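Biologist: I have a protein chain to understand. Could you take me through its structure?

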Amino acid sequence: MGDTAMHSDFAPSSLDRLEKCPGSFLACLGIPSHETEASLRGTSLHQAIAKAIREGAEDPSDLLPDVRPAWDFYQSLVREDDISRETEVRVSYKTFSGELYFGTADLVITRADSSIVLVDWKFGRTLVPAIGNLQLAAYACAIAQERRPSRVDGVIFQPMVSEEPAAWEDIPLEESRDRILSVISGAKEDVAPLCPGEHCRFCPAFQDASCPAIRTCAKAMGEAVIRQDSPLGESAIAEASEERLEAWMRAVPLVEAFIARLKERILSLAKENGGKYAGCAIKRTKGRLKVTRPSSFLSCVIDLPGFREKDVWWLIAGCASVSVTSLKAMAKEVAESKEERRDLESAISDLAEAYGERGEDAESLVLVQESRE
């Protein structure tokens, strides 16, 4: 899935983040990698397309729905006179002092003219450009150092977001090498700056809730909340500069993750204490659904009378947890009669069963204020 299980300190997949936030290298040292549901799903899809390419797909219709587009694109890409087609290729870039970085390229095709095509499968929902992509550049520099091809082309294919591949033709190897060396050199600096931003969500220090920059923002947010001069620190927010508000917003995902873990902990303790703990009580909820085929589900919901893409997309984007209750509430709004509402609710229930899985834990916490009497 891009990089090997034994990660390089400067894995190709991390170079874009290190270029945007050089300080994240030192901030992430010593943090073990954590598998997430998204990463596990991505790994399984990468393995599936790699197996299909190595062994051939006798009946492509048997492939997983999310893998089939990748197989079709592969079929359109290959040529009869290709010298080789290799999947999950370990590549390594070396300097006089040793191995600088290594990683795993998803697909390497060697053409008859000794040129190379690098293909990177991405099964997420964030569109990734190919031109200027440091991960592709790192793979290209490493494989060019080893094989001396006539040229290297890079391709990123993302079946979840686009039917068209993103291509970077004739990757400039010397320019890319200098850029990569500059990124790595900057990340090694003791005073490398931390620069929070959109890239934080891929950072182990962010996921581990240990990034100093984000912690500082979160602490300031907490201080604003407990200001006594207004409810929830409204005056602090009103007085904050644009830069301060922007910094606080970067910390929101970390704060939300902390609150989620806090609720999980309180829920566990409440279960051990008769359903209540620290002013919190357990309330059981139903209808939570894990969507396993969100794009198909979305298409079917949009086909229902009265529903529009912009109304339902936010409910299921990125394989999110979907509330069937919320969809039925929307059905109530768009239905023009009680009969149509019943039909919509029934259709939503049928779709939920067809495209999702029930969550194992249907419990959530409701915070209640303890009596002071």
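Modeller: Gladly. This is a predicted model, where local features need pLDDT of at least 70, side-chain atom pairs count only at pLDDT 80 or more, and totals for chains, interfaces and linings use all residues. Residues are numbered from 1 along each chain as its sequence is written, and side-chain values use heavy atoms, with hydrogens and water left out.

Biologist: Which residues have the most contacts inside the largest nonpolar core?

Modeller: A nonpolar core is a set of buried Ala, Val, Leu, Ile, Met, Phe, Trp, Tyr and Cys residues joined through side-chain atoms within 4.5 Å. Buried means under 20% relative accessible area, exposed over 50%, and partly exposed in between (1.4 Å probe, protein chains only). The largest such core has 32 residues, and the most contacts inside it belong to Phe10, Leu15, Tyr101, Leu118 and Ile180.

Biologist: Which element gives the most to this core?

Modeller: Helices (H or I, at least four residues) and strands (E, at least two) are DSSP runs, numbered from the N terminus. Elements giving two or more residues include strand E2 (98-110), helix H5 (134-147) and helix H6 (173-187). With 10 residues, the top giver is H5.

Biologist: How do H8 and H10 lie to each other, parallel or perpendicular?

Modeller: Axes are lines fitted to C-alpha atoms, for helices over the stretch in contact, and angles run from 0 to 180 degrees between N-to-C directions. Helix H8 (residues 212-225) and helix H10 (residues 242-272) have axes 8 Å apart, at an angle of about 95°. Angles under 35 degrees count as roughly parallel, over 145 as roughly antiparallel, 65 to 115 as roughly perpendicular and the rest as oblique. H8 and H10 are therefore roughly perpendicular.

Biologist: How many disulfides are there?

Modeller: A disulfide is a pair of cysteine sulfur atoms within 2.5 Å. The sulfur of Cys28 has its closest cysteine sulfur in Cys203, 3.4 Å away, too far for a bond. By this rule the count is zero.

Biologist: Is Cys28 buried or exposed?

Modeller: Its relative accessibility is 12%. That makes Cys28 buried.

Biologist: What is the phi of Arg148?

Modeller: Most residues other than glycine have a negative phi. Arg148 sits in the loop between H5 and E4, and is exposed, with a relative accessible area of 68%. Its phi is positive, near 55°.

Biologist: And where is Glu88 found?

Modeller: Glu88 is not a glycine, yet has a positive phi of about 50°. Glu88 is partly exposed, at 36% relative accessible area. Its place is in strand E1.
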